[in-house]
Amino acid sequence: MISLVGKAALVTGGGRGIGREISLKLARAGADVGVCDIDLATAQQAAGEIEALGRKALAVKADVSSADDVAAMFESFLQAFNRIDILVNNAGITRDGLIVRMKDEDWDRVININLKSAFLCCREAGRPMMKARGGKIINIASVVGLMGNAGQVNYSASKAGLIGLTKTLAKEFASRGIMVNAVAPGYIQTPMTDKLTDEQKQKLLAYIPLQRLGQPEDVAHAVLFLASGLADYITGQVLTVDGGLVM
């Protein structure tokens, strides 16, 4: 069994969906967890579940596209846990549309929440991790960052950028014992995919060799592995969790 006892993890977008599952998965493995979300109520609910598991938890409300909010979040986290061993950059949004109809604000918002936020969080986490000479950073990308997707030029660009950020930081941080990797989920069953019609879901399944949508837990399992000592010789990699969609 993987043990993260004695580790402190911070998960952005950790109050719901895939982020919540990641937060709980890390806690079940023994980590203390800071849950960041723009919706404080969901962060508090997830933190309560973590505390019920016997782990220490912190709920933080932050706009992770804001440098000031991110700095304040890390200050609160380090005051509470006095260390950061694991950072999971999971916060993300979509504002879909064809490029010819896409508004500037829809491009900017997606890039800021999905990509700039990871830059800000990695910059803040890098300092204490470098001092400690160790740490794990896991960025939640997407298969559309590898293959593109019509109607998601902003989202695809943000996730492709996240992969580039991952590989560059893996090289920058390697000498300090910090591993930086990305997880690229495919189509995962979340409230977003629940909105799809049966016909739309069947069309998606036709492209997935395993013939099913993934579950949030499938992504959380990959994050847990990369956050653990089992991945101490893995850095700069993109682990696709997509049922074989991209291969």
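Student: Is Asn139 buried or exposed?

Tutor: In this predicted model, Asn139 is buried, and its relative accessible area comes out at 0%.

Student: Where does Asn139 lie in the chain's secondary structure?

Tutor: Asn139 belongs to strand β5, which covers residues 135-140.

Student: And which residues is Asn139 in contact with, leaving aside neighbours within four places in sequence?

Tutor: With those neighbours set aside, the contacts of Asn139 include Asn89, Ala118 and Cys122, and also Leu162, Leu165 and Thr166. The list also has Val180, Asn181, Ala182 and Val183 in it.

Student: What span should α6 have, going by its residues?

Tutor: Helix α6 runs over residues 153-173, and at 1.5 Å a residue its 21 residues should span 30 Å.

Student: Changing topic, how many salt bridges does a search of the whole structure find?

Tutor: The search finds 11 salt bridges. One of them joins Asp32 and Arg55, whose closest N and O atoms are 3.5 Å apart. This pair links distant parts of the chain, as Asp32 is in strand β2 (residues 32-37) while Arg55 is in the loop between α2 (40-52) and β3 (57-61), 23 residues apart.

Student: Is Asp32 buried or exposed?

Tutor: Asp32 counts as buried because its relative accessibility is 18%, and the cut-off for buried is under 20%. Arg55, at 23% relative accessibility, counts as partly exposed.

Student: Which residue does Asp63 meet in a salt bridge?

Tutor: The side chain of Asp63 meets that of Arg109, at 4.0 Å from N to O. Here too the pair links distant parts of the chain, with Asp63 in the loop between β3 and α3 (67-81) and Arg109 in helix α4 (residues 104-132), 46 residues apart. Arg109 counts as partly exposed, at 35% relative accessibility.

Student: What about Glu124 and Arg127, how are they placed in helix α4?

Tutor: Glu124 and Arg127 are 3 residues apart in α4, so about one helical turn separates them. Their side chains meet in a salt bridge, at 3.7 Å from N to O.

Terms used: Residues are numbered from 1 along each chain as its sequence is written. This is a predicted model: local features need pLDDT of at least 70, side-chain atom pairs count only at pLDDT 80 or more; totals for chains, interfaces and linings use all residues. Side-chain values use heavy atoms; hydrogens and water are left out. Helices (H or I, at least four residues) and strands (E, at least two) are DSSP runs, numbered from the N terminus. Buried means under 20% relative accessible area, exposed over 50%, partly exposed in between (1.4 Å probe, protein chains only). Contact means heavy atoms within 4.5 Å. The expected span of a helix is 1.5 Å times one less than its number of residues.
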